[in-house]
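Colleague: I would like to learn how to read this model, one feature at a time. Shall we start with a pocket?

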Amino acid sequence: MSGSELLKTAIEIARNSIESVLPDRAVKDTLKRLNLQDVLLVSVGKAAWRMAQAAYEILNGKIRKGIVITKYGHSEGPINDFEVYEAGHPIPDENTLKATRRVIEMVEGLNEKDTVLFLLSGGGSALFELPMEGVSLEEIQEITDLLLKSGANIEEINTVRKHLSQVKGGRFAEKVHPAKVITLVLSDVLGDRIDVVASGPTSLDTSTSEEAIKILERYKINVSNNVKKALLKETPKHLSNVEIHVLGNVQKVCEAAKKIAIEKGFNSEILTTALDCEAKEAGRFIASIMKEIKFRDRPLKKPAAVILGGETVVHVKGKGLGGRNQELALSAAIALEGIEGVVLCSVGTDGTDGPTDAAGGIVDGRTVKILKEMGEDPIEYLENNDSYNALKKAGALFKTGPTGTNVNDLIVGLVI
């Protein structure tokens, strides 16, 4: 198999694996089983449009009203008479607040006979937001941005978000009470922590005000007195009107990748579905495993596919452009320089990686050589957190466009 064929194979494995975890079928199968009648639909997250469309196709005339909130560019058009909003991600914006207010208006005055169908996917923390009284949108934006750049993990970020929001951490379920909320979740959180996915609008919250305050202190983020006051208001620890179903997660996309790789003739293994560390460290470590396979046929014999899932973090110190998958890929490319018969693909299953138009990166032993022949220093790009521009110059960006799903990141390493 040539180098170009190996690249093509990695792309096929990644794309087909993501295709296998699109939420349409899972939403339809779950709703058929639940047999709901006369519901109000709220769909929030990067997969919100596709989940809402699937619900509409199954329930059709049984949906009284529907509101969809998704990321810019992720709507695929009208769905019947549903209100469809696009808003900011990963930082909330004015459209986030506008759409969230419409949802709150829709569920006001419900009684115990009413049912809200809440379709939730990753990205909802930014897309579904109404700050606590006294806290401004600008403060939420700044705190979120600082936490993201500090390298805080998603649980830490969402612990803070939950304690500054009127709809996160179970508070939306409180607003809906006494009506019932049936939540269908597409998980993008390691271990399927439902209270963490989109900051758990309908989940009782296991985090505390004290933890939220300590997280801000840990990352040396100073906040106003109004924010401090809001943080002290504890989130719900008991909810009686919620039913939750998990539809998909990172384990399923990794299992699909392993199956497809085996079908293509690779000895395949899932190394982890809980990757959670610095992106560039992960890239270097995964590259070391691929080199062990290449030169010593262990822990797998060639041809081999190593598969990982999870969500790395980036401590942003430079001023470049990129995302965690691109940073991981560039780091791996540096470690794999000059080695033939190796390809690594790291991709966000939602089709977006950081504030870029790429889903991630796909690199091989030639990637760094291409950059050096242009007179570029890949290490300088990595240190400046400028993986996007490095991979763009090397022709190593992985672009899918919005995929309609969101179940963490998928990394596939192929060795022949």
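Modeller: Two elements, helix H2 (24-34) and strand S6 (242-248), each supply at least two residues to the lining of the second largest pocket. Helices (H or I, at least four residues) and strands (E, at least two) are DSSP runs, numbered from the N terminus. This is a predicted model, where local features need pLDDT of at least 70, side-chain atom pairs count only at pLDDT 80 or more, and totals for chains, interfaces and linings use all residues. Residues are numbered from 1 along each chain as its sequence is written, and side-chain values use heavy atoms, with hydrogens and water left out.

Colleague: What gives the most to the lining of the second largest pocket?

Modeller: First the term. On a 1 Å grid over the protein atoms alone, a pocket is an open set of points where a 1.4 Å probe fits, with protein on both sides within 12 Å along at least five of seven lines; lining residues have an atom within 4 Å of a point. Here H2 gives the most, with three residues. The lining includes Arg25, Ala26, Asp29, Leu186 and Lys252. By class it has six nonpolar, two polar and three charged residues. Ala, Val, Leu, Ile, Met, Phe, Trp, Tyr, Cys and Pro count as nonpolar, Asp, Glu, Lys and Arg as charged, and the others, Gly among them, as polar.

Colleague: Leu186 also belongs to a strand. How many residues of strand S5 are buried?

Modeller: Buried means under 20% relative accessible area, exposed over 50%, partly exposed in between (1.4 Å probe, protein chains only). In S5 (residues 180-186), six of the seven residues are buried.

Colleague: Which strands are joined to S5 by bridges?

Modeller: Two strands pair if DSSP finds at least two bridges between them. Strand S4 (residues 115-121) runs parallel to S5, with seven bridges. There, leucine 186 is the bridge partner of serine 121. S6 is also parallel to S5, joined by six bridges. Valine 181 stands opposite valine 242 in that pairing.

Colleague: And the open sheet of six strands: what is its order?

Modeller: The order is S7-S8-S12-S9-S10-S11, with mixed pairing. Strands S7 (267-275) and S11 (397-398) stand at the edges with a single partner strand each, so one side of each is left without a neighbour in the sheet. S7 pairs with strand S8 (residues 304-310) in the parallel sense over six bridges.

Colleague: Is lysine 162 buried or exposed?

Modeller: Lysine 162 is buried, at a relative accessible area of 1%. Lysine 162 lies in helix H7 (residues 154-162). Contact means heavy atoms within 4.5 Å. Leaving aside neighbours within four places in sequence, the contacts of lysine 162 include Asp195, Ser199 and Asp205.

Colleague: What is the phi of serine 199?

Modeller: Phi of serine 199 is near 65 degrees, a positive value in a residue other than glycine. Serine 199 sits in the loop between S5 and helix H9 (209-218). Serine 199 is buried, with a relative accessible area of 0%. Aspartate 38 also has a positive phi, near 50 degrees. Aspartate 38 counts as partly exposed, at 42% relative accessibility.

Colleague: Which peptide bonds are cis?

Modeller: Among them is the bond from histidine 177 to proline 178, with omega near 15 degrees. Proline 178 is in the loop between helix H8 (171-176) and S5. Another runs from lysine 302 to proline 303, with omega near -5 degrees.
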